[in-house]
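I set out below what I looked up in this entry. The notes follow the order in which I worked.

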Amino acid sequence: MKRLNGVRLSHRKGTATSHTVRIPLPEQVTIPMLMNMGAPCTPLVKAGDTVSVGQKIGDTDAFMSVPVHSSVSGTVKAISDLKLANGNTCKAVTIETDGNQTVSEEVKPPVVHSKEEFIKAIRESGITGLGGAGFPTHIKLNPKTPVDTLIINAAECEPYITSDHRQMLEDPDSIIDGIQTVMKYLKIESAVIGIENNKPDAISLLTQKTSSFPDITVKALPASYPQGAEKVLIYNTVGRIVMEGQLPSDTGAVVLNVSTAAQISHYMKTGMPITERRITVDGDIVSKPCNVFAPIGTAFSEVLAYAQCDTEKLKKLIAGGPMMGACAFDLTTPVVKGTNAILAFEKYSEPTVTNCIRCGRCIKACPFNLMPTEMEKAYQKRDIETLKALKVTLCMNCGCCTYVCPAGRKLAETNQLAKALIPRN
Ligand code: SF4
Ligand code: SF4
């Protein structure tokens with residue numbers, strides 16, 4: 001089977017052996033009412049209210065949404081506007097912690113007998129894709145077309161990030177239980193766990209743990225970027241192609257991030273929604289690179305302080321990986337459900353942009369054989385028909401084209417702007 005293109009990156013997985021530790025409870029958290037793809041929640045609490053861990057503090061009737069829960073016990077200090085990475089704003093609830101971490105009476109294992117009840121429970125859990133994309137999991141688990149295969153994304157192909165790797169090593173049983181739970185309620189016949197071969201310990205452990213489950217297999221994948229991109233992973237694990245305009249479920253597959261699978265197990269057993277996040281903390285000004293658990297809403301500054309980061313030298317702060325992560329505005333940025341890494345750098349310089357030398361490296365690097373250089377030209381002319389013909393909507397913003405371009409052209413960024421020109425049906 002032909003492998004899709006991509007690039008070989010320096011892995012920089014220096015935290016792969018760092019056991020996850022809980023950071024000290026912050027004095028306050030600021031919990032955004034929008035942490036996922038879709039609609040924001042409306043706060044259900046007001047300043048002065050007492051809240052506890054796992055209590056629902058935000059919700060909405062919008063289809064593409066999940067509720068938001070408190071990660072701490074304490075008192076609501078304020079409801080304010082928070083600027084998001086995409087420039088939009090949403091409401092955020094700031095809670096002063098009381099140090100007790102009292103668990104809400106709402107936290108009870110869900111009673112589930114059917115697929116419908118399972119999907120409803122997963123929405124109530126607030127679970128969204130923990131790989132960073134933040135797609136509501138209950139929608140992903142309720143496709144319109146029949147599904148026969150569950151693919152677990154354990155590739156973790158971005159440099160630096162090891163939070164999924166630590167999930168696999170520290171709590172493999174929850175992953176397998178989460179997979180079995182999804183297979184049971186969605187009546188899925190088989191599951192494949194795709195892991196890059198730069199994590200031999202995780203491959204070995206999960207192979208051993210799944211040996212008595214013939215319907216779950218572990219597949220070692222080449223360590224190349226973007227191995228964890230959904231369409232790439234589907235092709236490289238089960239050989240199915242997601243065509244332009246299709247969803248993975250149109251090929252009979254559902255893809256879940258490996259930490260999402262574990263979170264499903266955790267919620268079904270305890271009823272505790274997602275209130276904390278395993279995060280890799282790394283970068284050239286971080287003295288103690290590590291993996292930590294931090295409550296949702298913790299300011300990046302608190303996490304970086306734990307990792308002994310010299311923030312005076314900070315030039316670039318990234319939420320997520322260096323290829324697809326989002327730059328954070330400042331150190332008050334709160335941890336959200338999708339925060340799998342916080343990277344802080346001093347050494348950073350914008351590349352000088354020069355004219356395209358028609359070397360073709362961007363096309364060779366693109367996993368979908370798109371033509372970023374031609375798409376850039378079409379975007380400059382705002383030529384929508386040519387952009388459609390070049391299949392710009394297939395671009396997943398992986399950044400491979402930008403990474404390899406010797407002329408420093410911001411091809412992936414341009415593609416995102418170009419995609420926005422294409423009218424949605
Ligand atoms: S950002 Fe888009 S065009 Fe560039 S390599 Fe990735 S998928 Fe291809
Ligand atoms: S990699 Fe850069 S220089 Fe080479 S063809 Fe693509 S845009 Fe032009």
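Which of the 14 residues around ligand 2 come nearest? I found that Cys356, Cys359, Cys362, Thr373 and Cys405 do; a residue counts as near a molecule if its C-beta atom, placed from the backbone, lies within 6 Å of it.

I noted that this is a predicted model, in which local features need pLDDT of at least 70 and side-chain atom pairs count only at pLDDT 80 or more, while totals for chains, interfaces and linings use all residues. Residues are numbered from 1 along each chain as its sequence is written, and chains are lettered from A and ligands numbered from 1 in the order in which they are written.

I sorted the shell around ligand 2 into nine nonpolar, two polar and three charged residues. Here Ala, Val, Leu, Ile, Met, Phe, Trp, Tyr, Cys and Pro count as nonpolar, Asp, Glu, Lys and Arg as charged, and the others, Gly among them, as polar.

I then turned to the domains, whose bounds come from an automatic or database domain assignment. Domain 1 covers 115-270 and domain 2 covers 361-421. Their centres, taken over C-alpha atoms, are 29 Å apart. Six residues of domain 1 are in contact with seven of domain 2, contact being C-beta atoms, placed from the backbone, within 7 Å. On the domain 1 side that touches domain 2, I recorded four nonpolar, no polar and two charged residues.

Lastly, I checked Ile195. Leaving aside neighbours within four places in sequence, Ile195 is in contact with Ala154, Ala155, Ala202, Ile203, Leu206, Val218, Ala220 and Leu221.

Definitions and conventions. Contact = placed C-beta atoms within 7 Å.
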